[in-house]
Amino acid sequence: MHINPDRFLTSLHRLRQFGASGHGKGVVRPAYSDADMAARDWLAGEMRDAGLDVQWDAMGNLFGLAPEPSLLIGSHTDSQPEGGWLDGALGVMAGLEIARAARDAGGPPVSVVSFQDEEGRFGVTTGSAVWSGALSLEAADALTDTAGVSLASARACVAPREVSSIDPRGFKGFLEMHIEQGPVLDDARERLGIVTDIVGIRDLRITFDGQQNHAGTTPMALRRDAAQAMMQFNALLCERFRNVVTPQSVWTMGHIALHPNTPSIIPGRATFSMQWRDGNLDRLEHMERIIRDTAREIGEGGFDVTFGPLLALDPVVMDAGLRGALEAAARETGAAWRAMPSGALHDATNVSRVMPVAMLFVPSIGGISHAFEEDTREDDLVLGLRVLGDAVARLA
């Protein structure tokens, strides 16, 4: 196969124009938005031009299919509400260029995919979760975004396109090229990362119900301030995690909502998301026990504690054969590279349920992602593409 870097970069920059933010290279292309669907329609045309059979499924996952059995390469093209131009898009356009090169060379067969809603407007890697069977379409349809829009109503925009069911058994394995989205490679001046495993993730919504009251007349000792309960929970949790976690363990409190959230009223309710990630399943479960026990202990101070459903995605180890091909290709370049875990979640997590998977990272400048400033040097993008293409040739 003869990879065409100019064709690849031109296509990657063309995709950036859909939902361009006006802030550098940033994009605003949330799942099912007009910009997202316009980008997918354009990508479908590019897939056809590459000799691929274009297929959509009911979720809006877009496939460009080569004859079976083929390798599947891709990622996603939706973005965060304020996103970068490479997150997900790089993996899809790298797959498209390799499919083009494979067509020109007469093989091997390479299929391409852009999964829908990886960035979690409605859930977590929703499109690949439904396709892999991790989540039913009926359950996905009931999900809502932060504005209360249901996924069922949002995906109605897919309906004008003919949809079908794409059988995972038609693929030999899945490769996903991605920016690192962290600082490790850039800080070490290394140009490639071969992923060893994707960390597991847990996400849990917690609510503290206290007593709404007057902010000026209620003595501090008599208050049941839900915001204070939440802050006490955070401080106590960090202390209890100290001897449990490793430097690779992370946890985040986010999507915080106080009620009634006005200056002169003591908050009677605090609701927040509690998310934690780690590559070790036992540690994930240990952290969950600490979280629940700590919240209940805070509740004993006069608060009702409610836990929402637990989102649980277990750690995923990359396939040895696919990973070995990427490592051999990386060694051949002579560039500095490392084997490393992925702290971010990717579609490969879900796809691993139905086929072998492996991932390749290229550096993120300054470790910045999920922001308009996200970027990677073009020579690193091209090097990653060449390694991916070399790995495909080795696997063939």
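Helix 8 (residues 226–241) lies across strand 7, strand 9 and strand 11 in this predicted model, running at about 170° to strand 9. Here helices (H or I, at least four residues) and strands (E, at least two) are DSSP runs, numbered from the N terminus, and angles run from 0 to 180 degrees between N-to-C directions of axes fitted to C-alpha atoms, for helices over the stretch in contact. Helix 9 (residues 281–299) also packs on the sheet and touches strand 7, strand 9, strand 11 and strand 12, its direction making about 5° with that of strand 7; contact means heavy atoms within 4.5 Å.

As for the sheet itself, it is open, with four antiparallel strands in the order 9-11-7-12; two strands pair if DSSP finds at least two bridges between them. Strand 9 (250–259) and strand 12 (304–313) sit at the edges with a single partner strand each, so one side of each has no neighbour in the sheet. From one strand to the next, the twist averages 15°. Strand 7 (residues 200–209) and strand 11 (residues 269–278) are joined by ten bridges, and Leu-204 has Met-274 as its bridge partner in strand 11.

Then there is the largest nonpolar core, with 66 residues: a set of buried (under 20% relative accessible area, 1.4 Å probe, protein chains only) Ala, Val, Leu, Ile, Met, Phe, Trp, Tyr and Cys residues joined through side-chain atoms within 4.5 Å. Helix 3 (residues 89–105) gives the most to this core, with ten residues. Among the residues with the most contacts inside the core is Leu-175, which touches Leu-71, Gly-74 and Leu-388, among others, not counting residues up to four places away in sequence.

Residues are numbered from 1 along each chain as its sequence is written, and side-chain values use heavy atoms, with hydrogens and water left out. Because the model is predicted, local features need pLDDT of at least 70 and side-chain atom pairs count only at pLDDT 80 or more, while totals for chains, interfaces and linings use all residues.

How values were computed
Buried means under 20% relative accessible area, exposed over 50%, partly exposed in between (1.4 Å probe, protein chains only).
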